Amino acid sequence: TTFQDGGEEVEDGAVYNVTLKKVQIQQAANKGARWLGGEGDQLPPEHTVRQYETSKIRAIKAGTLEKLVENLLTAFGDADFSYISIFLATYRAFASPRAVLELLLDRFGNLEASSCGEVANLNSLESEMVLRVEIASVLRAWLDQCSEDFREPPDYMCLLKLLDYLKNNMPNSDMESRVQNLLRKFQNQEVEAIDGFCSTSSSDVVDGEELEISNPEEFSSFQDQVVAEQLTYMDVMLFRRVVPYHCLGSIWSQRDKKENKNLAPTVRATITQFNAVTKCVISTILGTRELKIQQRAKIIEKWIHIAHECRILKNFSSLRAIISALQSNSIYRLKTTWMCVSKDILLMYEELSEIFSDHDNYLTSRELLMKEATSKFANLDSSEKENQKKSQKRLQLQKNKGVMQGTVPYLGTFLTDLIMLDTALQDYVEGGLINFEKRRREFEVIAQIKLLQSSCNSYCLIPDQKFIQWFRRQRHLTEEESYKLSREAEAAADTNILSPKSQKSMVKRISTLFLGTDVFTPAKEQPPKSSPVGGSSGESTDSASVSSCEFNHSETEDVCVTPVSSSEDPLKKGSVSSDKGSGSSKGSDSSKGSGSSKGSTFDPGSGSDSGSIPSRDSGSVLGSAPKVLPVYNRQSGGSCIIRVSMDGLHASVYKSILITNQDRIPDVTQRALLKHNLEPDAVEDYELVQVISEDKELVFPRDANVFYGMNSHVNFDFILRKKA
């Protein structure tokens, strides 16, 4: 089989990509071979005649909503077999379920009102019966893949409309009974939710009053394997409920608006759980002032063992949460405590941390996730022999029991990719047509989420109510509390517990572990600045930072602020620094680098660095889409992505903005204000500055070109500051 590019076909309201598929359908003997009585499959090529068939594959590239819905019925005829799945997974970015259902049923499904000509005009449909079968196929796929689209309490208008259509056109069908069952299920769940809220609302207050700082002895009583299994159980339950379209960049990026406080609840739930794990780690280490250094070190060792158990269970979410907590500023700065952690466990911690290295756009974690997505067991390779033996022993025990594991991913990786795609690709193209090529790119990420969700069905975990109750009643420390307790613990540490020689060796080992250098630079003793109340949804409980690692620096916008008082980027190898003081006086640096920039890049596509990406607001001509998307921290083909945070807020609360070599300060400032849900008319009241270092900023003139004026040698991090 060979494929050949057939160019484009333009129709009224739609543009199609055409591919010609050439397939060999027969290999027959030539005339001389037939005279000798030979068969085609037994003869050498020179004695055969090959027959080929060429078919045309049409894939819609852009179109109006009506054309996209019509294409649901004709996609199989055009050999675009994945179109229905792609449309159902992504259409919420440009249309509502009601709009799609009305088009499907009223425009194409109303067989009595449709004229014969209209039916005949549909590419592969020749009769009303075929049309009815095609509509039933689409509806069945919709109910199979995206039944949550019809959850619209309390009226359930779409389900009732669909039920009415089935009664009139497909009475007593399996589809009709299925829709009735789904309606009853949603209504019963709504009643249960209301009853559950009423019955638990009073007890929730009691639970809130009983929140307590962890008792080290109680925490130590739980086996490492049990803790990891219970964290995995909670993560699996939440991840399986994630509605994939909630992760789309165009939807997730709107969560900060007041009217969208209930938007994407399934994603918010996973973030809340991630934060809870991270803060639980910090509370167990710092919550008890009376702990001795060795006791605190034992708790750190226990969490590292739990993280390793999560790795065996292929739970990358809780694994990332634990690593993030241990790399937070309040835990990282406990130098004396870390000196008491054994060498073998530090090596184990180092290997687990390397999984989430930001090198090459988190290539290690991405490859590992895809490698183990559908595998039965984790693939554990350790450079430390003792760790390798323990891991293999645990894995062999699992295999002997016949227990298979699913895979729980770190959701931030996918949110990052989808937000970047939404930032880099425009929603509409020339003529106001919906850019469906963008949706195909987004579906590549959505499909990975669905694959991992299906793998989670392999888990066979039983909830341990004792641990779950202990976990839920933990009182989480605030950033200020954790930092204060960290300073107290370090100040009270007996610095004479180690000899000068062993202390020097341990400091060197820890500095190498954390910083990748032989020079240990302690954190500056400055508490982090708190964000003002109500400043951003990053400060709320359900969209606070889920990580001091990737969710902090992985272009996920302000998915969250760091859950701990961490000012540095723990995974970026370099000296530890305190939070950037937004009010301090800073010098200016107008120099512009001409070399290659540093930092991670995002390139979900393939190809060279050539090509250009126009602004999302510009009507780019269809077919001129570049091969490479713009990325953060790299200027490529006249475009790049910058991160803009508001002055006074934590640096991790940022918005990703696409800029081109045509954008000037007023344009970028206005876009940044819109992204931060501020009045775009207030452009004159704000200034945009690039952060060069802790004590340097690059201040732009009023009408400067941001792309050419920025310093490309440092991170593309900007601050939007109100003028004095």
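Residues are numbered from 1 along each chain as its sequence is written. Because the model is predicted, local features need pLDDT of at least 70 and side-chain atom pairs count only at pLDDT 80 or more, while totals for chains, interfaces and linings use all residues, and side-chain values use heavy atoms, with hydrogens and water left out.

The protein has 27 helices and 11 strands, these being DSSP runs numbered from the N terminus (H or I, at least four residues, for helices; E, at least two, for strands). Of its 724 residues, 51% are buried, meaning under 20% relative accessible area with a 1.4 Å probe and protein chains only.

Let me turn to the helix pair. Helix H4, residues 97-108, packs against helix H7, residues 157-169, at an angle of about 10° with the axes 10 Å apart; H4 and H7 are therefore roughly parallel to each other, a term for angles under 35 degrees. Here the axes are lines fitted to C-alpha atoms over the stretch in contact, and angles run from 0 to 180 degrees between N-to-C directions. In contact, that is, with heavy atoms within 4.5 Å, are residues including Leu101 and Leu105 of H4 and Leu162 and Tyr165 of H7.

Finally, the second largest cavity holds about 80 Å³ of space, a cavity being a set of points on a 1 Å grid over the protein atoms alone where a 1.4 Å probe fits but cannot get out, and its volume the space filled by probe spheres set on the points. Among the residues lining this cavity are Phe316, Arg366 and Tyr410, and helix H18, residues 363-372, gives the largest share, four residues.

Terms used:
1 Å grid on protein atoms, 1.4 Å probe; cavity = no way out; pocket = protein on both sides within 12 Å on 5 of 7 lines; lining within 4 Å. Parallel < 35°, antiparallel > 145°, perpendicular 65-115°, else oblique. Buried < 20%, exposed > 50% of the residue type's maximum accessible area, 1.4 Å probe, protein only.
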